[in-house]
Amino acid sequence: RGVPRDDKEAARWFRLAADQGDVDAQAQLGVHFRFGCDGVPQDDKEAARWFRLAADQGYGEAQQDLAQCYRMGLGVRQDANESARNFQLAADGGRAVAQAMLVQCSQKGEGLPQDPLKATQYYHLAADQGDAGAA
């Protein structure tokens, strides 16, 4: 059965791994800070920092999470261009949710030129992967 659950100790180990550059730990620590769970306090600024570290290493889920931070102004200055750039990185890596978000960016001209044809292309990419919002 192992040891008793200890969220604070688990968070310490996540932090140690993240500090050593482990991309999975960095992304997971970002999620923990974003939602304030498992012994980690809610802190959007810290969440964005950890998402950025993982995103800079090409981690698609973190690119998508960082894009959401920029889109909603969570822990960073709200910036549609930076949001779209990170959604594009994640979408290029095959993340269906990011592709679906690019539909909205392209339709409304949020961080990207308004382009209904491009929006349709992103829609089909996301739907082909089974994204429920696009299917």
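Seven helices and zero strands make up the secondary structure of this protein, where helices (H or I, at least four residues) and strands (E, at least two) are DSSP runs numbered from the N terminus. Along the sequence the pattern reads α-α-α-α-α-α-α. The model is predicted: local features need pLDDT of at least 70 and side-chain atom pairs count only at pLDDT 80 or more, while totals for chains, interfaces and linings use all residues. Residues are numbered from 1 along each chain as its sequence is written, and side-chain values use heavy atoms, with hydrogens and water left out.

**Overall dimensions and surface**

- Taken along the principal axes, the box filled by the C-alpha atoms is roughly 55 × 35 × 20 Å.
- Of the 135 residues in the protein, 36% are buried, that is, under 20% relative accessible area, with exposed meaning over 50% and partly exposed in between (1.4 Å probe, protein chains only).
- The accessible surface is about 7,700 Å², and carbon and sulfur atoms account for 50% of this surface; the areas come from the Shrake-Rupley method with a 1.4 Å probe.

**Contacts and charges**

- Among contacts with a separation of 6 or more, 40% join residues 24 or more positions apart; a contact means heavy atoms within 4.5 Å.
- The protein has 15 positive and 20 negative charges, whose mean positions lie 4 Å apart.
- In this count Lys and Arg are positive and Asp and Glu negative, while His and the chain ends are not counted; each charge is placed at NZ of Lys, CZ of Arg, CG of Asp or CD of Glu.

**Cysteines**

- Zero disulfides are found in a search of the whole structure, a disulfide being a pair of cysteine sulfur atoms within 2.5 Å.
- C37 is in no disulfide, and the nearest cysteine sulfur, that of C69, is 14 Å away.
- This separation is too far for a bond between the sulfurs of C69 and C37.
- C37 is partly exposed, at a relative accessible area of 25%, whereas C69 is buried, at 2%.

**The loop residue D38**

- D38 lies in the loop between α2 (23-35) and α3 (44-55).
- Although D38 is not a glycine, its phi is positive, at about 55 degrees.
- Most residues other than glycine have a negative phi.
- D38 is partly exposed, with a relative accessible area of 32%.

**Surroundings of R34**

- R34 belongs to helix α2.
- Its side chain makes a polar contact with the side chain of D44 (3.1 Å); such a contact is a pair of N or O atoms within 3.5 Å, and within protein one must be able to donate a hydrogen and the other to accept it, with residues adjacent in sequence counted only if both atoms are side-chain atoms.
- Leaving aside residues up to four places away in sequence, R34 touches Q42, D44, A47, F51, M72 and L74.
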